[in-house]
Amino acid sequence: MSRVYNFSAGPAALPEEVLKEAAAEMLDYEGTGMSVMEMSHRSKTYDKIIKDAEQDLRDLMGIPDNYKVLFLQGGAHLQFAMVPMNFMKKGTADYIVTGSWAKKAWKEAAKYGKANCIASSEDRNFNYIPDCSDLPVSEDADYVYICQNNTIYGTQFHTLPNTKGKTLVSDVSSCFLAEPIDVEKYGMIYGGVQKNVGPAGVVIAIIREDLITEEVYPGTPTMLQYKTHADSASLYNTPPAYGIYICGKVFKWLKKMGGLEAMKERNEKKAALLYGYLDGSGLFRPTVTDRASRSYMNVDFVTGDKELDAEFVKAAEAAGFSGLKGHRSVGGMRASIYNAVTVEAVEALVQFMKNFEKTHIANGEKSCP
Ligand SMILES: *Cc1c(COP(=O)(O)O)cnc(C)c1O
């Protein structure tokens, strides 16, 4: 068996320890004689799995008691609709559009009320985070919405916007549990887990209790009301049971690794290694030049020559570095360096890039402009 260095944007690398544990428990979970996949979600054994997962997440993030933790389905995309359906009580919301995901969420919200775009970075292909210290937040906005880490463009909010007292809703799909955050600054935090937490199919939503009410957009299906899931502790219907079990294992792994402070340190180290090299390279350059906007999770870079980019991706793949092809809307390369990607993997990538650079500059190919 050989495992590659996995830099995929999502679904993405998971801690090897977690995968091994899950493999060992596959046929017989703790003496039950069955896999977690085969187990009733109403059983005592499963009840402990989901309750422990929630508690470990609460411990890791320091989630206050007046916030609910919900395990949902439908991907981050379904939240683009559920957020406005549940939270646009007065019919207005403000969106900060810093990438494709935020833009999709904004467009979706417009189906349910007045969705204002109060800031955008589309003028420069979303390669920066706009100044959000004094935005024209709407008087009657029910919430202000952000996508905290822009997976495709490699930018990240390192300072939260000034919402002028309005509830902040944040899509943290690609920066979930990457560093400590102050949950109380948000009304809702949500993310699909397949980037940084677990297998695709689970969405975790952390919502302040007072926002969860029966007052929703007319006709909102039962399954799309947060109250339905909050009232039944995420067991209204069959939850994505196996996925939640793996998330629970990842939470335990994070605790063992030293929690989110330790993760932040490790993630900053990985990002510094990669950006440090890119900033000094004669062949590659990072697409996000505004350093304060750079993502610690998704690092986008190009050579400036599409053919050379493709050649690099191919050579990297052959050398055991997987998932480096950039998203089509940016092109070039993207290294996603989520929690489970080791410092060693990033060091190996940087070394590979250095060697590639040396060969290509020696061959007299042009370096980037
Ligand atoms: C991947 C991603 C999405 C889309 O997630 P799905 O689970 O495929 O719906 C939304 N937002 C962000 C920030 C993402 O990284």
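## Helices and a sheet

In this predicted model, helices α1 and α6 are oblique to each other. Oblique is what remains once you set aside angles under 35 degrees (roughly parallel), over 145 (roughly antiparallel) and 65 to 115 (roughly perpendicular). Residues are numbered from 1 along each chain as its sequence is written. Because the model is predicted, local features need pLDDT of at least 70 and side-chain atom pairs count only at pLDDT 80 or more, while totals for chains, interfaces and linings use all residues; side-chain values use heavy atoms, with hydrogens and water left out.

| Helix pair | Axes | Angle |
|---|---|---|
| α1 (residues 16–24), α6 (residues 241–256) | come within 10 Å | roughly 135° |
| α3 (residues 75–87), α4 (residues 100–109) | 8 Å apart | about 40° |

The axes are lines fitted to C-alpha atoms, for helices over the stretch in contact, with angles from 0 to 180 degrees between N-to-C directions. Helices (H or I, at least four residues) and strands (E, at least two) are DSSP runs, numbered from the N terminus.

Who touches whom? From α1, E17, V18, E21 and A22 meet a set of α6 residues that includes Y245, I246 and W253. Contact here means heavy atoms within 4.5 Å. In the other pair, H77, F80, A81 and P84 of α3 meet W101, K104, A105, E108 and A109 of α4.

V169 has M188 in β9 as its bridge partner.

Finally, charges. Side chains of opposite charge can pair when their charged atoms come close. The structure holds 22 salt bridges, each a side-chain nitrogen of Lys or Arg within 4 Å of a carboxyl oxygen of Asp or Glu. One links K51 with D47, whose closest N and O atoms are 2.6 Å apart. K51 and D47 are four residues apart in helix α2, so about one helical turn separates them.

Terms used. Two strands pair if DSSP finds at least two bridges between them.
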